[in-house]
Amino acid sequence: MAWWAVSVEGLCAQSATLYVRSAQTDAPIVNALVVWHTDRQGMQQAWTAANGSIQFSLHQPVRFQVFHSGYQMHSDSLAPGQHRIIRLQPIAVDLGEVVVTGQHRLTLLAGSVLPVRVLNRDEIEQRQAQDLSDVVAYELWARMSRDEVLGSNASINGISGQNIKVLLNGLPVTGRENGHIDLGQITLNDVERIEIIEGPLSVLYGTDALGGVINIITQHPPDSGRSANLQLYTETVGTYNIAASGQGQFGGHAFLISGGRNFFSGFPDSDQQRHQLWKPELQYFGSVAYQPQLPNWTVGLRSGFFYEEIRNKGEPVITPYQAYAFDDFYYVRRLSQTAQVSRTFSGQRNWELQAGYNFYSRKKAAYRKDLVTLTQQEREGEAQLNTLGEWSVRSTLSGMLWQQQLSWQAGIDLNGQQATGDRLLGDRKQQSDLAVFGTLEYQATPSLSLRPGLRLAHNAYGVPLTPALNLRYDFSEHIHLRAGLARGFRAPSLKERYLNFYDSNHSIYGNPELKAEQSFSANMFWLFEYVMGAVQLNSEVAVAYNDISNQINLSLVNALEQEYTYINVGQYRTRTATVQTEAHWNSLRLQAGFMLQAISHSLNDTLATDGYVIAPEYRFQIMAGQPDRNLRVALLFRRTAPMPAFSTDAAGVVYEKIAPAYNLLDVTLSRSLWQQRLSLHAGINNILNVKDVPNLSSSTAIHSSQDAIPVAVGRYAFLGIKLNVIGP
Amino acid sequence: MRGLSLPMAFGLLLSLSSCFREDVPVVLPPPGGLQYLQVPQGPDYSRQYYVDLETADTLGMPVSVWDLCFEAQPDGWHVWINGANQARVAQTTATSLAAITDTAGLVWKMDAPSWNPDSTAIGAWPTHNFFYVLDRGPAFADSIRFYKFQLTGLSAMGYLLTLAALKDTLPINVVVQKLIDRQYMYFAFNKSAPFPFQEPPTDNWDLLFTRYRHIFTDQQPPLPYVVTGVLINPQVAVAVDSTMDFDSITYATVQQLEFTSRRNVIGYAWKYYDFSAQAFVVRPYINYIIRDTKGIYWKLRFIDFYNSNGQKGYPTFAYQQL
């Protein structure tokens with residue numbers, strides 16, 4: 001799917017400029033999508049630059065449409081030599097949002113058959129989200145959990161992170177630890193928006209897409225103009241982040257360069273406390289995107305890197321004769337290279353190729369540090385180095401038939417992984433997956449769209465066929481239904497297939513014969529929209545059922561030798577019901593959501609939850625502003641539900657535990673100054689000062705103790721500054 | 001551009017101030033000074049004292065106050081008898097209280113002087129349900145000297161005993177509770193309260209100056225004899241050396257020594273009775289290197305057995321933290 005575009009006209013063209021602004025605040029609207037049609041090149045599209053403008057080279061007047069999240073679509077015309085300002089009207093329902101995930105082409109959110117949710121740049125900045133975990137933490141459909149070393153993990157509608165696909169511009173993000181991507185490593189400096197689809201999408205994206213797909217869409221280099229900005233962010237708990245980006249057009253070549261440094265000093269932070277519950281962390285990240293202007297072609301190249309260092313310092317041991325501590329340092333490196341090429345042919349056929357290579361490495365260095373001499377010595381047998389290289393090639397061809405009643409897409413998806421590691425059998429292993437897929441989108445009546453899909457794959461873990469069926473039905477102008485039935489799967493990881501670990505206590509071996517986890521899902525989303533005078537209301541009622549079978553669990557296979565291996569034995573079922581309502585009244589925006597989750601989990605024949613465990617969650621958000629003073633305040637509340645889970649004690653015994661409920665409350669004040677060049681965001685997060693929750697184990701005598709599970713660092717204040725250094 | 005200076009300065013501040021905290025070197029304390037301690041066991045050696053070298057705290061009580069000593073750890077089950085009282089114990093073949101009425105035919109046993117758990121007189125009592133008879137020692141009147149008892153219960157929390165005086169038929173059930181921060185729990189038969197005293201927590205004592213029974217195996221037959229000496233906390237380790245000059249001993253010079261946690265490693269032989277002088281004489285050339293429960297090393301040597309009034313039973317020693 002194209003995610004940026006170019007527009008080129010002939011030599012005799014005249015320039016024209018369009019300025020897109022908010023009718024409410026008169027602020028320039030950045031990255032609004034502008035679509036127009038010319039006789040020579042058919043449909044064209046481009047995004048507004050940092051000052052909200054877009055430049056055209058026109059031979060003749062054109063009709064154009066402007067789309068942006070949170071605003072009504074605006075349709076108008078522009079003549080050669082004309083310079084116009086248009087103002088978009090804000091709306092309650094994001095009908096104007098354009099989405100790409102799972103679509104045959106750029107599609108209006110309101111017209112999508114798939115239930116796509118969008119978190120756009122405005123929301124990212126309003127929340128002052130520094131990474132992906134900050135963005136989804138308050139979403140009703142997501143639940144965050146955080147490990148001090150392995151990072152942040154999100155579950156969608158009760159389905160854990162190992163069954164969620166994370167994509168960057170449509171290509172998979174690699175490098176999972178303990179089955180999940182650390183969302184804290186997905187920085188948002190150059191991210192334009194995030195699209196989320198709840199439920200399986202394996203028919204399009206293959207493995208891991210059982211519980212849902214999170215597709216991160218990065219900003220595209222501008223079609224015109226140049227701009228640069230500086231972003232600063234600090235928290236009272238020791239966070240100091242700085243990032244910058246610059247973008248511009250240089251003679252037919254557009255570039256976007258961004259980078260930054262995030263630092264967290266660890267918490268609690270004091271001279272007396274060497275060991276910290278929340279580990280000190282340093283991140284460097286950057287990316288370069290390039291987009292040449294070529295006639296008839298859309299080409300984009302992007303290269304990104306990420307580096308992270310986490311220091312897990314041990315408690316000091318001090319005797320009259322020596323002082324030392326055991327320290328573990330973790331180094332993560334990520335490199336991603338992607339190329340995307342697309343072309344639109346006559347007959348509205350579109351061909352697209354995406355190719356990418358992702359490299360991930362995680363190194364653990366373990367030291368015994370002499371606290372007297374401050375020298376450190378490596379601890380034998382403790383160091384680890386794991387690497388994973390993953391290449392992906394994905395090509396699709398899509399088109400329309402029968403007076404645009406039938407839209408089709410066919411594609412091929414090749415994926416290969418190669419892993420190395422001290423604990424892999426033979427040190428180096430690889431696996432690959434070759435798949436072809438196709439989807440049809442048939443508009444049977446003006447109200448009914450059907451979308452069947454099928455994926456046919458060749459791999460070593462036994463998922464030859466993955467079907468899906470989605471539909472959209474508009475009962476009226478105000479009531480819409482989206483529903484779907486789909487199968488999904490998760491391929492066993494190389495670690496699960498080839499792990500070779502043993503120590504004096506136990507040994508764990510991979511299982512090359514593992515089959516993929518498979519899921520069946522059914523979901524329905526009703527959307528209701530109302531307008532009552534100045535108040536706009538939209539509500540969503542959703543129900544979903546997920547059944548994951550063949551779940552891969554670590555199991556004891558030889559009690560005498562304490563040998564464990566991975567086998568397909570578990571089953572995980574969720575049922576969710578969600579109600580969300582949003583109301584707009586002038587500059588006041590209210591959101592409320594309630595979700596009821598029922599989870600049934602069995603690890604094996606003997607260890608299972610007692611039927612379904614019910615988990616209610618709810619969320620409120622109030623946003624109010626004074627547009628004339630560029631002032632906005634937001635209050636966000638979320639209650640997370642008690643969640644059943646299985647854990648392993650020091651003796652290797654698996655037991656059930658319940659993570660209790662807790663509440664989060666944030667308040668943010670935002671203001672723009674200097675004609676929108678300076679944005680200030682300040683607030684207090686976690687006002688209720690939640691730090692940990694008791695770990696309630698099941699009623700067995702061994703695990704009846706209550707250990708606290710850390711969930712947050714507690715209450716803190718933050719300040720974020722964004723400054724447009726170059727540009728209007 | 002003047003307005004930009006504030007955010008720029010803020011950014012510079014963020015960049016410069018955000019670095020990992022580096023460790024500050026720990027300065028180790030210098031070796032401690034030489035200290036002296038005298039333990040007032042008394043001329044009749046009737047009192048025992050727990051000694052904590054780090055604080056120089058002592059806790060004293062009569063030696064004879066207990067009869068049975070129980071392991072206090074949750075998984076412990078061993079039981080000792082009070083050798084200072086010359087106590088003895090015999091395992092019977094009776095499984096009922098009424099079946100035992102006298103001591104005829106009993107085979108008396110004593111604990112090993114080392115307090116080795118595998119060499120107790122009571123032995124592996126959880127493997128059977130026979131009654132024992134305890135001879136508390138010749139200092140007790142006959143009516144309270146002999147008791148019969150059965151160890152009937154064991155858990156991580158404590159022990160259960162059924163007992164009666166030898167001639168009695170009415171059983172008394174007693175619970176001896178375990179305390180996880182102690183090494184031993186004590187019990188006395190003729191006390192109204194089941195616990196005659198509690199020893200200090202494990203980390204609060206290193207040495208016990210007491211009387212205990214040594215068995216001279218070089219005699220034929222082996223000769224049990226009550227001696228006055230030192231038993232160590234089983235969590236403490238001690239090395240014995242008589243080759244180094246006490247003043248020259250440092251942390252570095254003791255690392256090659258062999259340490260043991262045998263309870264009577266210090267024992268009684270740091271003194272001997274000089275028949276010609278008719279007095280006890282200490283052996284100051286014997287160095288005891290002690291690694292306490294906190295990992296602190298000490299050197300110790302005895303310097304006297306008499307107080308300033310010339311009374312025996314006042315062992316005095318010099319010690320220093322390494």
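This is a conversation about a predicted model with a chain A and a chain B.

Reader: I'm new to this one, so how many helices and strands does chain A have?

Author: In this predicted model, the secondary structure of chain A comes to 4 helices and 46 strands. Chain A has 728 residues, and 55% of them count as buried.

Reader: And what share of its contacts join residues at least 24 apart?

Author: If one takes the contacts in chain A between residues at least 6 apart in sequence, 61% of them join residues at least 24 apart.

Reader: Okay, which residues form the nonpolar patch on the surface?

Author: The patch is formed by A:Ile412, A:Leu434, A:Val436, A:Leu454, A:Leu456 and A:Leu465, which together have about 490 Å² of accessible area. Two strands of chain A, β28 (428-443) and β29 (448-458), each supply at least two residues of this nonpolar patch.

Reader: Take A:Val436, then: where does it lie, and why does it count as partly exposed?

Author: A:Val436 lies in strand β28 of chain A. Its relative accessibility is 39%, and so A:Val436 counts as partly exposed, given that this class runs between 20% and 50%.

Reader: What about A:Thr466, is that buried or exposed?

Author: A:Thr466, which is found in strand β30 (residues 465-474) of chain A, is buried, since its relative accessible area is 2%. Leaving aside neighbours within four places in sequence, A:Thr466 is in contact with several residues, among them A:Ser202, A:Val203, A:Leu454 and A:Phe489. A:Leu454, one of those contacts, is also a member of the nonpolar patch on the surface.

Reader: Switching to A:His480, which side chains does it make polar contacts with?

Author: The side chains of A:His480 and A:Asp474 are joined by a polar contact of 2.7 Å, and there is also a polar contact of 3.4 Å between the side chains of A:His480 and A:Glu529. A:His480 itself has its place in strand β31 (residues 479-490) of chain A, and because its relative accessibility is 10%, A:His480 counts as buried.

Reader: What else is A:His480 in contact with?

Author: Leaving aside neighbours within four places in sequence, the contacts of A:His480 include A:Arg472, A:Tyr473, A:Phe525, A:Trp526 and A:Leu527.

Reader: Now the two chains: how many residues are in contact between chain A and chain B?

Author: On the side of chain A there are 35 residues, and these are in contact with 26 residues of chain B. The size of an interface is often given as the accessible area lost when the parts come together. For chain A and chain B the buried area is about 2700 Å², and carbon and sulfur atoms give 67% of it.

Reader: How many salt bridges cross that interface, and which elements of chain A touch chain B?

Author: The rule finds 4 salt bridges across the interface of chain A and chain B. The elements that give two or more residues to the side of chain A that touches chain B are β17 (226-235), β18 (239-250), β19 (253-264), β20 (281-292), β21 (297-312) and β46 (716-726) of chain A. Between the two chains, the count of residue pairs in polar contact is 7, with both residues at pLDDT 80 or more.

Reader: Which salt bridges does B:Asp23 form?

Author: One is with A:Lys369, where the closest N and O atoms are 3.1 Å apart, and another is with A:Lys313, where the closest N and O atoms are 3.5 Å apart. A:Lys313 lies in the loop between β21 and β22 (317-318) of chain A, while B:Asp23 lies in the loop between α1 (5-17) and β1 (35-38) of chain B, so this pair joins two chains. A:Lys313 counts as buried because its relative accessibility is 11%, and B:Asp23 counts as buried at 15%.

Reader: Which residues are linked with B:Asp23 in a network of salt bridges?

Author: The network of salt bridges links B:Asp23 with A:Arg274, A:Lys313, A:Asp327 and A:Lys369. Within it, A:Asp327 forms a salt bridge with A:Arg274, and their closest N and O atoms are 2.8 Å apart. That pair links distant parts of the chain, as A:Asp327 is in strand β23 (residues 323-345) and A:Arg274 is in the loop between β19 and β20 of chain A, 53 residues apart. A:Asp327 is buried, with a relative accessible area of 1%, and A:Arg274 counts as buried at 12% relative accessibility.

Technical notes: Residues numbered from 1 in each chain as written. Chains lettered and ligands numbered in written order. Predicted model: local features only at pLDDT ≥ 70, side-chain atom pairs only at ≥ 80, totals over all residues. Heavy atoms only, no water. Patch = residues over 30% accessible without salt bridge, like charges linked within 9 Å, V, L, I, M, F, W, Y side chains within 5 Å. Areas by Shrake-Rupley, 256 points an atom, 1.4 Å probe, with all protein chains shown as cover. Salt bridge = Lys/Arg side-chain N within 4 Å of Asp/Glu carboxyl O. Buried < 20%, exposed > 50% of the residue type's maximum accessible area, 1.4 Å probe, protein only. Contact = heavy atoms within 4.5 Å. Buried area = accessible area lost by both parts, 1.4 Å probe. Polar contact = N/O pair within 3.5 Å; in protein donor to acceptor, adjacent residues only side chain to side chain.
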